[in-house]
Amino acid sequence: MYIKREQSQSILFLTRLYHPHIGGVEKHVKLLSEMLFQKGFSITLVTERFDNRLPLFEKIGDIGVYRIPVGKNLGTKKFYIWKWMILHLPILWRCDVIHVHDVFYWLLPVRLLILTKKVYITFHGYEGSPLKKTWIWQRKIAEKLSHGTICVGDFMKKWYFTSPTSVVYGAVRLTSKKFTENSQSAVFFGRLDSQTGILEYVKAYGLIRKKYPNFKLTIIGEGELAKKIPKDIKILKFTHDVSKYIGKNRFIFVSRYLSMLEALVQKKEIFAVYNTPIMKDYLLMSPFAKYISVSSSGEDIADKVILSLKVGKDSKKIDKGYEWAKKQTWDNMVNIYLKLWQ
């Protein structure tokens, strides 16, 4: 239990993307910011302007959002950001706590100018596979220059040699909504790229259809692999709220923590695929690995789904997953951040 702070206490979050952009980190920062405001904190956020139609500053609810015009050239983007940080130093000086979400390099040119400020960082994921040494060293430097760290996943200790203050896996809100479930359907949501294993899920779908011709798959996402998705699979654009799609489908094809938590609290059968060693550890080193099905191929996913369709759900496993997931509340997540900043 933490004491509510005065309104004068201000938090500055730095994050690459933010609402209205859709994504796991964006959702994490948005809900965290809203709950901290309710506890009496003043919240300011700095992010990239991913769409030129967005204003350089606006209030989204009670959150002040500054957007950095980064330009279209990825090679020069960091210089735009560094220039912006130098020109807007008063924003950093006015805050009591600076908390970075992944993008610690934004602070490099001004770190010496804000030595009196408490700076923290959350590492949300990994850049790709195989990991480059430069990525590992960048995180080590960020960790050394921060007062405390949060890692999303224990796998980072092994792969990045981090020593986090806390390890988290996301948070969820319980829903009272009831949906009619299609017993022969699955939904995938996430980026349509190699990192999410989308093509393995599509392969599984094709194999399942040979046994169960009425089986359906809905995909929610965008990415470069969209053109490789068969025409008989329905593809929808990203949405802020996927709860109704989780509720309407028996099987959930996802490989990211937040998505899996959201499916666990709706008592769904979850199938996660890995295609790299780091992704394997990302999944199997999680505390809820025993409540989901982890595979390395579409063939294995298909075999497990077909078995479930034949013999029925493993209710005991599903119930245990639900009991674990429902404890991962946003109140607990906020308290982890407050404890870090004390």
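Here is a friendly conversation about helix packing, cysteines, loops and backbone geometry in this predicted model.

Student: Before we start, what should I know about the numbering and the model?
Tutor: Residues are numbered from 1 along each chain as its sequence is written, and side-chain values use heavy atoms, with hydrogens and water left out. This is a predicted model, where local features need pLDDT of at least 70, side-chain atom pairs count only at pLDDT 80 or more, and totals for chains, interfaces and linings use all residues.

Student: At what angle do helix α6 and helix α10 pack, and what is that orientation called?
Tutor: Helices here are DSSP runs of H or I with at least four residues, strands are runs of E with at least two, and both are numbered from the N terminus. Axes are lines fitted to C-alpha atoms, for helices over the stretch in contact, with angles from 0 to 180 degrees between N-to-C directions. Helix α6 (residues 198-211) and helix α10 (residues 298-311) have axes 8 Å apart, at an angle of about 40 degrees. Under 35 degrees counts as roughly parallel, over 145 as roughly antiparallel, 65 to 115 as roughly perpendicular and the rest as oblique, so α6 and α10 are oblique to each other.

Student: Which residues of α10 does α6 meet, and how many in the contact are nonpolar?
Tutor: Contact means heavy atoms within 4.5 Å. From α6, E200, Y201, K203, A204, L207, I208 and K211 meet G298, E299, I301, A302, V305, I306 and L309 of α10. Ala, Val, Leu, Ile, Met, Phe, Trp, Tyr, Cys and Pro count as nonpolar, Asp, Glu, Lys and Arg as charged, and the others, Gly among them, as polar. By class, the contact of α6 with α10 has four charged residues, one polar and, to answer you, nine nonpolar.

Student: How do the axes of α1 and α12 cross?
Tutor: The axes of α1 and helix α12 (residues 330-341) come within 10 Å, and their crossing is at roughly 80 degrees. That makes the orientation of α1 relative to α12 roughly perpendicular.

Student: Which residues of α12 meet α1?
Tutor: On the α1 side, the contact is made by K27, H28, L31, L32, M35 and L36. By class, the contact of α1 with α12 has ten nonpolar, one polar and two charged residues. The α12 residues are W330, D331, M333, V334, Y337, L338 and W341.

Student: Is C95 buried or exposed, and how many disulfides are there?
Tutor: Buried means under 20% relative accessible area, exposed over 50% and partly exposed in between, with a 1.4 Å probe and protein chains only. C95 is buried at 3%, and C151 is buried at 1%. With a disulfide taken as a pair of cysteine sulfur atoms within 2.5 Å, the number found in the whole structure is zero.

Student: Which elements do the buried residues of α9 pack against?
Tutor: Helix α9 covers residues 277-284, and its buried residues include I278, M279, D281, Y282 and L283. The buried residues of α9 pack against α5 (155-159), α8 (257-264), β13 (269-273) and β14 (293-295).

Student: Which peptide bonds are cis?
Tutor: Most residues other than glycine have a negative phi, and most peptide bonds are trans. P20 sits in the loop between β1 (10-15) and α1 (24-38), while P130 is in the loop between β6 (118-123) and α4 (133-144). With omega about 15 degrees in one case and near 0 degrees in the other, the cis bonds include H19 to P20 and S129 to P130.

Student: What is the phi of F161, and what is that of K267?
Tutor: F161 is in the loop between α5 and β8 (166-168) and is exposed at 53% relative accessibility. K267 is in the loop between α8 and β13 and is partly exposed at 37%. Neither is a glycine, yet phi is positive in both: near 60 degrees for F161 and about 55 degrees for K267.

Student: What does S146 contact beyond its sequence neighbours?
Tutor: S146 lies in the loop between α4 and β7 (148-152) and is buried, with a relative accessible area of 12%. Leaving aside neighbours within four places in sequence, S146 is in contact with F104, V119, Y120 and I121.
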